[in-house]
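Dear colleague,

I am handing over the structure that you will be working with. Please open it first, and then read the notes that follow beside it.

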Amino acid sequence: MPWLANMSEGGPNARDEDMGDQVEQVLRESLRVAPLTPEALARIRAATIQEWEQASGSNIESKTFRRALWGSLAAAVALAAFLLVWYLASPGDSTHFGQIARVDVGETNVRFQFVRQRTLHVGDTLRTGDKLSAHGPLLISLSDGGSLRVAAGTVLEIAGEVQARLLHGQVYVDLPPDASSHHPFRILTHEGVIEHVGTAFEVLENDQFTRLRVREGRVLLHRDTERIVADAGTELTARSGSSVSRREIDTYGSDWSWVAALAPDYEIEGRPLLGFLEWASRELGRPLKFSDPHARAVAERTILHGSVRGIRPLDALSSVLATTSLTYQIRGDTIWIQSGNGT
Amino acid sequence: MGAGEQRAFDEFFRSNVPRLVAFTTRRSRLDPASIEDIVQNTLIKAMRNLSSYRGEASLFTWLTQICRHELADATRKAARQPAYVSLEEPEQVLRLAHQLRLPQYREPAAQVEAELHSAAVFETLKSLPERYALALEAKYGDGLSVDEIAAMLGVTTVAAQSLLARAREAFRDRWIASTSTSSAVAGQHE
């Protein structure tokens with residue numbers, strides 16, 4: 001074997017280098033082996049990949065199972081926590097705000113604390129934390145008496161038993177004269193808090209300003225440190241960064257037609273005509289006057305039968321008086337009731 | 001198998017299997033079909049025991065440990081095989097035909113000499129520490145770079161260079177010793 005003899009020849013240094021080269025050459029020549037054929041490698045690959053898939057599948061299955069198990073436990077804990085928060089946060093009877101009395105057209109959605117969302121129907125209860133998105137006009141019967149009318153496109157958040165935050169849109173508050181003075185009804189707006197003092201008023205909120213129109217009685221606007229009083233027939237407009245402007249307005253007319261359209265139904269059955277006339281007067285924003293004592297006497301003693309449900313106040317007035325000996329005329333801002341045809 | 005898993009498998013196969021074939025071939029006198037069986041069994045067992053791989057050794061080192069067991073089993077089985085081959089059994093005929101098919105034709109004398117040479121080299125390698133043998137195989141048999149050898153052995157590049165130098169020196173010393181003995185023995189017979 002010549003390669004054996006060659007590795008032992010040469011001087012000390014040259015021999016070392018030479019031997020080093022030869023070692024590498026020997027290793028290269030001897031350690032190179034013929035590879036398997038591509039077909040053989042393909043067979044190995046096919047068998048291995050099958051095992052790989054089974055092994056991966058079982059691992060994945062196991063991991064998936066563990067993940068699912070932990071996921072289920074986490075979900076159960078989260079659900080329990082959620083239910084606890086829900087239970088604690090869900091308002092009791094004392095936080096009832098009101099009840100849906102009418103939904104004319106379009107639907108209104110309500111969302112509770114970012115979780116529940118449902119379409120409101122007549123009879124549904126509103127509670128603290130609810131956030132309404134009214135796509136159509138809406139009438140709410142308040143728990144403490146009175147009503148809240150909500151125009152289409154309004155977003156309203158129920159902030160308490162007797163307060164609501166107007167985020168956008170238009171509402172009309174109509175409270176009875178005996179409404180609680182200890183817990184006055186409030187509308188919260190960007191420009192301040194509007195507080196009733198036994199009255200009916202409208203609030204409009206948009207991106208530019210907050211507008212208050214008082215139709216009856218008196219309203220307080222709390223704005224920063226200001227306390228602004230507005231009486232019936234007054235409009236206050238508050239813009240961000242500027243003072244509140246004030247002007248006189250009519251309490252009747254086309255500006256209030258949306259309010260009249262949402263007027264709560266008045267049940268006339270078995271009730272005196274005088275009560276109906278007073279209701280119509282308030283809803284139309286016009287004072288009621290009798291042309292003569294006889295007309296008032298007739299109104300007091302006439303008991304009505306039937307229904308005007310769903311009829312707007314002015315139409316209802318016409319319809320009801322047509323069945324009596326009385327007539328009406330609108331002169332100026334006043335509704336005049338008279339006997340016969342007024343002649 | 002997802003796209004990511006497919007890529008991982010492809011990478012695993014590409015970087016390990018050819019070297020595992022070479023590792024097996026160097027350590028046995030078996031035919032290619034047997035080598036194929038050993039490598040395939042090694043990989044199947046590796047797949048089934050993937051969860052037991054802790055990463056303490058490199059993946060290839062772990063595969064070679066499994067492969068050594070397969071080689072030992074194959075050697076024991078070969079020892080129990082009859083010394084003859086029946087040409088009436090189609091599988092045996094095919095296996096024999098495969099054995100007889102040489103990848104590169106060589107003159108019989110040159111082939112014998114090359115095989116003896118390789119066997120002698122490998123016997124010397126076997127006498128070295130395992131890491132030396134693996135490093136030399138990877139460098140001169142599989143053509144890996146020093147960086148790749150470092151990754152395979154789980155050491156730094158500098159450590160791999162040092163290891164290779166020591167491995168070459170150890171191989172040279174033992175190779176010279178073994179060839180001197182062979183020469184002496186050969187001289188006594190001449």
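In strand S20 of chain A, A:Trp336 is the residue that forms a bridge with A:Gln329. Please keep in mind that this is a predicted model.

Helix H6 (residues 293-301) of chain A packs on the sheet to which this strand belongs, where the helix touches S18, S19 and S20 of chain A. The direction of this helix makes about 90° with that of S20(A).

The sheet itself is open and consists of three strands, in the order S18-S20-S19 (chain A), with mixed pairing. S18 and S19 of chain A are the edge strands, since each of them pairs on one side only. From one strand to the next, the twist averages 30°.

The two pairings can be followed separately.

- Strand S18 (residues 288-290) of chain A runs parallel to strand S20 (residues 334-339) of chain A, and three bridges join them. Within this pair, A:Leu288 has A:Ile335 of S20(A) as its bridge partner.
- Strand S19 (residues 326-331) of chain A pairs with S20(A) in the antiparallel sense, over six bridges. Here A:Tyr328 stands opposite A:Ile337 of S20(A).

S19(A) and S20(A) also form a hairpin, with two residues between them. In the turn, A:Gly332 has a positive phi of about 65°.

**Further strands of chain A**

Strand S9 (residues 163-174) of chain A is paired with strand S10 (residues 186-189) of chain A; the sense is parallel and there are three bridges. A:Arg165 has A:Leu188 of S10(A) as its bridge partner.

S10(A) is also joined to strand S11 (residues 192-196) of chain A, by four bridges and in antiparallel fashion. A:Thr189 is bridged to A:Gly192 of S11(A), and the hairpin that links S10(A) to S11(A) passes through two residues.

A:Val155 lies in strand S8 (residues 154-160) of chain A. Why does A:Val155 count as partly exposed? The reason is that A:Val155 has 15 C-beta neighbours inside 10 Å, whereas a buried residue needs 20 or more and an exposed one has 12 or fewer. Leaving aside residues up to four places away in sequence, A:Val155 touches A:Leu132, A:Ser133, A:Leu167, A:His168 and A:Gly169. The C-alpha atom of A:Val155 is 6.3 Å from that of A:Ala134, although 21 residues separate the two along the chain.

**The helices of chain B**

Chain B has eight helices and zero strands, and its pattern along the sequence is accordingly written α-α-α-α-α-α-α-α. Chain B has 190 residues, of which 28% count as buried. Among the contacts in chain B with a separation of 6 or more, 58% are between residues 24 or more positions apart.

One pair of helices deserves attention. The axes of H6(B) and helix H7 (residues 146-153) of chain B come within 10 Å and cross at roughly 145°, and the crossing is right-handed. H6(B) contributes B:Arg131, B:Leu134, B:Ala135, B:Ala138 and B:Lys139 to the contact, and H7(B) contributes B:Ile149, B:Met152 and B:Leu153. By class, these residues are six nonpolar, no polar and two charged.

Which residues of H7(B) are buried? They are B:Ile149, B:Ala150, B:Met152 and B:Leu153. These residues lie on the same side of H7(B) because they cover an arc of only 160° around the axis. After H7(B) comes B:Gly154, which has a positive phi, near 75°.

**Where the two chains meet**

How many residues does each chain give to the contact? Chain B gives 36 residues and chain A gives 28 residues. On the side of chain B that touches chain A, the elements that give two or more residues are helix H1 (3-26), helix H2 (32-48), helix H5 (108-126), helix H6 (130-141) and helix H8 (157-189) of chain B. That side of chain B has 21 nonpolar, eight polar and seven charged residues.

With kind regards

Terms used
Residues are numbered from 1 along each chain as its sequence is written. Chains are lettered from A and ligands numbered from 1 in the order in which they are written. This is a predicted model: local features need pLDDT of at least 70, side-chain atom pairs count only at pLDDT 80 or more; totals for chains, interfaces and linings use all residues. Two residues are in contact if their C-beta atoms, placed from the backbone, lie within 7 Å. Ala, Val, Leu, Ile, Met, Phe, Trp, Tyr, Cys and Pro count as nonpolar, Asp, Glu, Lys and Arg as charged, and the others, Gly among them, as polar. Axes are lines fitted to C-alpha atoms, for helices over the stretch in contact, and angles run from 0 to 180 degrees between N-to-C directions. A crossing is left-handed if the near helix is turned anticlockwise from the far one by less than a right angle, and right-handed if clockwise. The arc is that of the directions from the helix axis to the C-beta atoms. Two strands pair if DSSP finds at least two bridges between them.
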